[in-house]
Amino acid sequence: MTSDEFARRVEALRPVLYRVCRVQLPIPADREDAVQEAIFRAWQKRDSLRDARRFDTWMIRILVNQCRDILRRHRYFVVTDALPEPPSEGGHGGELRDALLRLDERQRLCLLLHYIEGYSVKEVARMLGLGESAVKARLMRGRQKLKEMLLEEAFEK
Amino acid sequence: MIRGEDFKAALGAPDADFNVAVDEALRRVRAGEVRRAARRGMRYGLAIAAAVLALTGVALAVAARLELFEAFRGFDRRFARIPDGNGLAQEALICLRTPELGNTWVRVGDAYYDGQSVMVGYTLENNAGCAPFAPSDEELAGMERLEEGMPLNLQEMMTGESQRWEEALFVAKARGEAFGFAEHVVLLSHFELEDGTAVMQGRGEGLVNSRGEVYWLDEMMEPLPEQAQDQDEIVFRLCMQLQTSHFYTENGIVYQDNEARELDGLAVKVLRTAGTTARYAGTGEFGGATFEAEARVSLVTASLEITAVEDAFAADKGKRLFAVLADGETGECFSSGSGIVWDNTISYDYSGIGHVPERLALYLVTDAGDMWEAERRVKGMEPTVTLRKEE
């Protein structure tokens, strides 16, 4: 894979990469670190991409791991949301975002990747290093929690 | 009802600092400032290309044609409409010898080129296998520890052999026992044009027949490089690769690493199938905004680009815009595409429908839940714009 081809594929994924960071890392600077490091790691490990058709799955998996590394590092410090999220914008969008971000991280990622980004259960399983049954269970629990939080049916599926 | 698009909008678009971070990372990649990770020592010798039947450059009838496109017709309607007559100038065959798998045969049997798309059908014989693997302490230290669940890169191998090894791995993991295996697969690495330009594969499909032969159909990623577009013929190499994944578990933890080794490739020459592409253009209005649309259609693929005049899509940023493209006479739809409005131009890619229409009907839809709903919704409607064929 040439650097231009790699860059084109990353560019196409940019909004998805942002949302993957967004639902995992509350601090903007961490998101920037995570995406940069993930891009560098992906480029360095491009030989491990066994099938170019699975670039999305592979790239997102690397980014998820990078976000988790950052979260783990932060646990060594008592960070009391030193840089809190800005208050919710008013209206429906703010409620949706807050509800999604209040979910358990594992359910949040599954919901984001499956229902919002449209990846199949199988692809999500590969991205998160889970079995398909575990992904389905998290989707079910996450959807139920969202329903409770939003007091309405959150998803059509 | 809340849809995924509502959540996307709620999460917002990448902010400026995030975009700067991505741009800077990609700049460093392009500038060669990010080096490839050092590989661990290879346990293998060099692969040997034992035999290559190179092309002579003269179009010859293909004896014992494999007719791989025929095998895929049941899965993809495009192949039913590709004209009879193989674009392949001459059958190409190579035997790749590796210590891991022995002889792997790659045989190209069908190919198609229409000036904007390249498709190649080939068979792989003895292209995959597994073997026990026990890492040294040094090797284990270099492997990635998987925190939970299944390995990421384990492919579903058509022989089912890897599934058996995978099952054994997870049995050992559950028991806390030590167990490992290496999975070796020969696959296409990339295409390479005559001038050395590498082109990634785009879509691809694999099939296995009742005799266990693996059929692959790969397409070059589009758009093709300029020098490969609209030529009378195209010559390229199918560059093959041996991909190896190691999986190992002990004390209930799974470790993995991957490596790839470039093997030899085989040259392929494909003659252009004439009269199978067309360009279209039109100007329309959507939501009070004027836009220009340009489309390129071949038997197997189509692409569309719509550009709003004077930033007219600005109000729709972050929204998904579905573009249903259909034959303007018969109404037959190309696979519908959707794009996110981030700037003034949105690109869409479709599968072809096996013919080149006289005109195209384009329907733009913003508030559909998915592409099927968008297609259902436009039935019986007037198109947003009709695109006329250009000379």
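## A salt bridge between the chains

A:Asp4 is partly exposed, with a relative accessible area of 40%; buried means under 20% relative accessible area, exposed over 50%, and partly exposed in between (1.4 Å probe, protein chains only). Accessible areas come from the Shrake-Rupley method with a 1.4 Å probe, and for residues only the protein chains shown count as cover. This is a predicted model, in which local features need pLDDT of at least 70, side-chain atom pairs count only at pLDDT 80 or more, and totals for chains, interfaces and linings use all residues; side-chain values use heavy atoms, with hydrogens and water left out. Residues are numbered from 1 along each chain as its sequence is written, and chains are lettered from A and ligands numbered from 1 in the order in which they are written.

The side chain of A:Asp4 meets that of B:Arg30 in a salt bridge, at 3.0 Å from N to O. This pair crosses between chains, with A:Asp4 in helix H1 of chain A and B:Arg30 in helix H2 (residues 16–30) of chain B. B:Arg30 is also partly exposed, at a relative accessible area of 43%. A salt bridge here is a side-chain nitrogen of Lys or Arg within 4 Å of a carboxyl oxygen of Asp or Glu, and helices (H or I, at least four residues) and strands (E, at least two) are DSSP runs numbered from the N terminus.

## Salt bridges within chain B

Over all chains, the count comes to 11 salt bridges. One of them joins B:Arg272 and B:Asp230, with 3.7 Å from N to O. B:Arg272 lies in the loop between strand E12 (253–271) and strand E13 (277–286) of chain B, and B:Asp230 in the loop between strand E10 (214–220) and strand E11 (233–250), so the pair ties together parts that are 42 residues apart in sequence. Both side chains belong to partly exposed residues: B:Arg272 has a relative accessible area of 27%, and B:Asp230 has 36%.

B:Glu358 and B:Lys389 form another salt bridge, their closest N and O atoms being 3.3 Å apart. Because B:Glu358 lies in the loop between strand E18 (345–351) and strand E19 (359–365) and B:Lys389 in strand E20 (residues 385–389), all of chain B, this pair ties together parts that are 31 residues apart in sequence. B:Glu358 is partly exposed at 48%, as is B:Lys389 at 31%. Elsewhere, A:Glu11, A:Arg14 and B:Asp23 are joined into one network by salt bridges that share partners.

## Helices of chain A

Chain A has seven helices and zero strands. Of its 157 residues, 55% are buried. Helix H1 (residues 3–22) bends by about 60° at A:Arg14, and a proline, A:Pro15, follows within four residues. The bend at a residue is the angle between axes fitted to the seven residues ending there and the seven starting there. In H1 of chain A, 16 of the 20 residues are buried, so this helix is largely enclosed by the rest of the structure.

Helix H6 (residues 121–128) of chain A is mostly covered, with six of its eight residues buried. Among the buried residues of H6 are A:Val121, A:Val124, A:Arg126 and A:Leu128.

Most residues other than glycine have a negative phi. B:Asp230, the salt-bridge partner of B:Arg272, has a positive phi of about 55° although it is not a glycine. Phi of B:Asn251 is near 50°, again a positive value in a residue other than glycine. B:Asn251 is found in the loop between E11 and E12 of chain B and counts as exposed, at 62% relative accessibility.

## A negative patch on chain B

B:Glu292, B:Glu294, B:Glu305 and B:Glu390 form a negative surface patch. Patches are made of residues with over 30% relative accessible area and no salt bridge; like charges are joined within 9 Å, and nonpolar side chains (Val, Leu, Ile, Met, Phe, Trp, Tyr) within 5 Å. Lys and Arg count as positive and Asp and Glu as negative, while His and the chain ends are not counted. The place of a charge is taken as NZ of Lys, CZ of Arg, CG of Asp or CD of Glu.

B:Glu305 is found in strand E15 (residues 301–308) of chain B and counts as partly exposed, at 38% relative accessibility. The C-alpha atoms of B:Glu305 and B:Thr345 are separated by 6.8 Å, although these residues are 40 residues apart along the chain. B:Thr345 is found in strand E18 of chain B and is partly exposed, with a relative accessible area of 32%.
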